[in-house]
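Thanks for sending this one over.

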Amino acid sequence: MDGDSLYDSLIVRRAREPRHAGELADATVQAAGSNPLCGDRIALGVRVDGDRIAAARHVTKGCAICAASADLMAGSIEGRTLSEALDMAGRFHHMLGNGSSVELDDLPESMAAFLPLKTHRSRLRCATLPWTALEEALGHD
Amino acid sequence: MIGDTTLDTKNVADLSHLRAQFPILSETVHGKPLVFLDSAASAQKPDAVIDAMSTMMRTQYANIHRGLHWMSERATEAYEIARSRVATLLGANAREEIVFTRNSTEAINLVAYSYGSLLKPGQAVLISEMEHHSNIVPWQLLRDRVGVELRVAPVTDDGDLDIEAFGDLLSDGKVALVAITHMSNVLGTVTPARRLADMAHAAGAKILFDGSQAVVHRRVDVRALDADFYVFTGHKLYGPSGIGALWARRELLEEMPPFMGGGDMISTVTFEHSTWAPPPAKFEAGTPAIVEAVGLGAAIDWVEGVGLDAISAHEAALTAHALRVLPEVPGLRIVGRPADRGGVVSFTMEDVHPHDIATLLDRNGIAVRAGHHCAEPLMRRLGLNATARASFGVYTTEAEITVLVETLGRIRSFFV
């Protein structure tokens, strides 16, 4: 199947069987993100304990790229400090930025699944939507 | 005119002769032959259109309606011939009933602003649940500006207009204007236009048809439809972008105030007072899209050369074929089963989001549209966030639909 380099098995698997989906009853911060262009929507709940993210859950209605990105993000920010999580968001945007030659840049290995988006620019926002929602949840723009 | 371009819908050689006139169709995408199934968003352009525009810019270009020189006279003539082509295409009484606009959206905004300014609080505008945003938002702006009520006629589960409810919404006589699609860009539904016009008129309302999709797929006769306003855009009719048209009954255009002020739309100007040129000039302020109008004229010539009835039959056969073979893809569901439809088919696939479908099709050279198709209220009514949509044009082949179906099957197995 041509195009399967983007639809890495990790992306397809996480979209189908997310590990961090659902509502977080004791969330301390919440944010919603949507892409008016395609109608993808994400609701993000984060429980902050001190300066650390104790738990993160998402409810995503969208494509496989968006759903997998939300799920992998939620998994990768748990246990991180707020500034570490925001730093990861910045690096994720930078990794996929226009003309960026940056590859993983210390992001978790799983994020490499999104690198083919560099040649699928029209789908970029599907992957970055959860990270933008996270930045909003943590009060950073 | 291209008299040799007649279309035998079952004749593959005929279709390849026709396809050869569209240079873009020989392009490859991601190393695959382009399978262009997104004509409802914008159609590809034949040589006749490309050449007409290029020739105009190379040999016949100047501003129109104001030069006293030879070039300006030739350009004016070409521009006005294009207007006549549009009038003939729509079966208008006179070319003065055709106002050039940028597209359908601008034509609807023109009516909403200008005719809308004649409406009063207490009156209503009636639209339907399956409108494109371009036939919703201008009426919301009018509602907020003038204080008219905005009513919405529902669609049935099959994707047809609910005629009974439509009649009920007209029954109190408050509706001054019905603005409704002639063919849905999402479901392909062709609305029973003449019947709707009769119902609107019996209730004392005028009726506007958004013909952006319909005009491409079948012959439209505004007099036979008994329409009051009809709008369409050039780029879906194999013409260039940046040019569209509003047809309206002459007496309506005369009654309506200008939409925009500027050059070309005036009779006299003083600092105290200006008077307006007669229609259509009254609605064409500023230098218009001259080259694009000529391109649209060439597109209409080309379409008429092929024959709208032949195009209509070709697309009906393709659509029937697509509706037969698409459901063979596991998990695929066609959205809407309207009684009368054009060459637009929306679908969803279990376990695969429409955007993933579109991206994977694209990697295989197949262009479809995915999303809400600028019809969010309709999507909400259907309980969907998005669909994938394949739409057919004069150049679409049965073989391309076969490629679509095979690729969709592979996409599905990839996700399950």
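1. Which residues does B:Leu246 touch, leaving out those up to four places away in sequence? B:Leu246 touches B:Val99, B:Thr101, B:Ala107, B:Leu110, B:Val111, B:Phe229 and B:Val231. Touching, or being in contact, is taken to be two residues having their C-beta atoms, placed from the backbone, within 7 Å.

2. A word on conventions. This is a predicted model, in which local features need pLDDT of at least 70 and side-chain atom pairs count only at pLDDT 80 or more, while totals for chains, interfaces and linings use all residues. Residues are numbered from 1 along each chain as its sequence is written, and chains are lettered from A and ligands numbered from 1 in the order in which they are written.

3. The core draws at least three residues from each of domain 1 (12-33 + 307-411) and domain 2 (51-304) of chain B. Such a core is a set of buried Ala, Val, Leu, Ile, Met, Phe, Trp, Tyr and Cys residues joined through C-beta atoms within 7 Å; buried is taken as 20 or more other C-beta atoms within 10 Å of the residue's own.

4. Now the two domains of chain B, whose bounds come from an automatic or database domain assignment. Their centres, taken over C-alpha atoms, are separated by 28 Å. At the contact, 25 residues of domain 1 of chain B meet 23 residues of domain 2 of chain B. On the domain 1 side, helix H12 (308-325), strand S14 (344-349), helix H14 (376-382) and strand S17 (387-391) of chain B each supply at least two residues. H12(B) gives the largest share of that side, five residues.

5. Chain A has four helices and three strands, in the order α-β-β-β-α-α-α along the sequence. Helices (H or I, at least four residues) and strands (E, at least two) are DSSP runs, numbered from the N terminus. Of the 141 residues of chain A, 39% count as buried.

6. The C-alpha trace of chain A spans about 45 × 30 × 25 Å along its principal axes. Among contacts in chain A between residues at least 6 apart in sequence, 61% join residues at least 24 apart.

7. Finally, where the chains meet, 16 residues come from chain A and 15 residues from chain B.

Definitions and conventions: Buried ≥ 20, exposed ≤ 12 C-beta atoms within 10 Å, placed from the backbone.
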